[in-house]
Amino acid sequence: MSGFWAELAWLGGPGLEAGVVIEVAGERIVAVNPGVATPPPGLDRLDGLVMPGLANAHSHAFQRALRGRTHRAQGSFWSWREQMYGLAGRLDPDAVLTLARATFGEMALAGVTLVGEFHYLHHGPGGVPYASPNAIGDAVLEAAAQAGVRITLLDACYLHGGIGVEPDAVQRRFCDPDVDAWAARVEALLARVGGGAAGGVAGGGGAAGVGAAGVGAAGVGAARVGAAIHSVRAVDPGAAAVVAAWARARSAPLHAHVSEQPAENEASLRAYGATPTVVLERSGALSDLFTAVHATHVSADDVALLGAAHAFCCLCPTTERDLADGIGPARRLRDCGARLALGSDSNVQIEPFEEARAVELDERLASGIRGQHGGAELLGAATAGGYASLGWPDGGEIRRGSLADLVAVSRESVRLAGVADEVLVDALVFAGAAADVRDVVVGGRFVVRGGEHLALDVPRELTRAIGAVTP
């Protein structure tokens, strides 16, 4: 027998199970047996609370370099964006590799086992393609492999600098000549990961960056490719329809930034007579494979459309607070049938439990009502919800047949000490932190053990990578 013995495990719902044997074959769970008082021979022991791996459903890894550098002056999303463009203009594939690797390493230390990288920095200065058109996308995939995490690379179509606006010098790096050029480039990227789109595994074998006993040589089974419409500002309705058809034909996940800012809604209404959600619905984008990122300023009709499609909505509260975006209507979206996922977006923080609790706590501030989202529901959004949003419906749960992606959280920190078993899930969601994560398993093998990444000196990697691209 190979696998793990969990002191306590969250198998879904509000309660916990004690003494859970999680048998693993290859990278999948083959049996889950609670009530085993002592670890059987040959199993690795996971102390504390064991849960499924966390999914970060929306990330721009390179923006990690902006942390602490955008907070001094008064401004808005749009002034922050100019600072972000300044950083994007300085990056090349080598810089992206080192920066993304360090950022994904930080995510692994926080319990993230799957990241959805919303990737729009495609080309060289002035929009000139690299000799390998997916050089930066390849660097991001390699970064995830070296950091030991799974990845869905959401390749974003980006064609315009705004509705009816030509792209500026930095935006040209994001842009393909037209939507057909985007599709051709993404097909080549898909071939790079062995055809791994949507819910189909790219090849066999173990998790990226994982060898026989822990992190080692990169594998082929841990990368998938999805599509993204950057926004209705950057992709016109006709092109959005092509991207949506591409994703639909491959059963691939499709993500888009939706109504993050009121100005986006206003521009869409002026140009198309419709909100961004309606524009995307008319383009055929909305489905149960679609994820609306942010959905901060959606209307009641937009909420109904997203719910009717059983779409996902990925909330990114730490970034939405940082950029003064606003508070999304999470409860209304959920109640109308949309499913929730969570992301770190600009990586101003990489604190998955903070993203989870902020959904509830921020809505309390807006509504004056407590208890609209419980701890188990929020933990579900951070695990199974994110996995499904990113095209991995076979992950994010501890059950037979699921991917053996696990996180063990210590109960011995000042944040969780003294908490009774029956309220531990709520305590973790509403008070826990990345620092409480002790062990991380991806595909049945350790990536983090005892709070240390097995392959990377993550603080040193971050220092070097950020220092190389910031003044």
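A cavity here is a set of grid points where a 1.4 Å probe fits but cannot get out. All views show a predicted model.

**View 1. Cavities inside the predicted model.** The structure contains 5 cavities of 30 Å³ or more.

**View 2. Lining of the largest cavity.** A set of 19 residues lines the largest cavity. Nearest its centre lie Phe 77, Met 84, Tyr 120, His 230 and His 257. Helix H1 (residues 77-88) gives the most to this lining, with 5 residues. By type, the lining residues are 8 nonpolar, 7 polar and 4 charged.

**View 3. The largest nonpolar core.** This core has 136 residues. Met 51, Phe 104 and Phe 290 have the most contacts inside it. Helix H2 (residues 93-109) supplies the largest share of this core, 9 residues. A second core, of 15 residues, is separate; among its members are Ala 9, Ala 404, Leu 406 and Val 441.

**View 4. Arg 173, a loop residue.** Arg 173 sits in the loop between strand E7 (150-157) and helix H4 (179-192). Is Arg 173 buried or exposed? Arg 173 counts as buried because its relative accessibility is 2%, and buried means under 20%. The Arg 173 side chain reaches the backbone oxygen of Ala 88 at 2.9 Å. Val 458 is 285 residues from Arg 173 in sequence, and their C-alpha atoms are 28 Å apart.

Note on methods: Residues are numbered from 1 along each chain as its sequence is written. This is a predicted model: local features need pLDDT of at least 70, side-chain atom pairs count only at pLDDT 80 or more; totals for chains, interfaces and linings use all residues. Side-chain values use heavy atoms; hydrogens and water are left out. A nonpolar core is a set of buried Ala, Val, Leu, Ile, Met, Phe, Trp, Tyr and Cys residues joined through side-chain atoms within 4.5 Å. Buried means under 20% relative accessible area, exposed over 50%, partly exposed in between (1.4 Å probe, protein chains only). Helices (H or I, at least four residues) and strands (E, at least two) are DSSP runs, numbered from the N terminus. A polar contact is a pair of N or O atoms within 3.5 Å; within protein, one must be able to donate a hydrogen and the other to accept it, and residues adjacent in sequence count only if both atoms are side-chain atoms. On a 1 Å grid over the protein atoms alone, a cavity is a set of points where a 1.4 Å probe fits but cannot get out, and a pocket is an open set with protein on both sides within 12 Å along at least five of seven lines; lining residues have an atom within 4 Å of a point. Grid points are joined across faces, edges and corners, and a volume is the space filled by probe spheres set on the points. Ala, Val, Leu, Ile, Met, Phe, Trp, Tyr, Cys and Pro count as nonpolar, Asp, Glu, Lys and Arg as charged, and the others, Gly among them, as polar.
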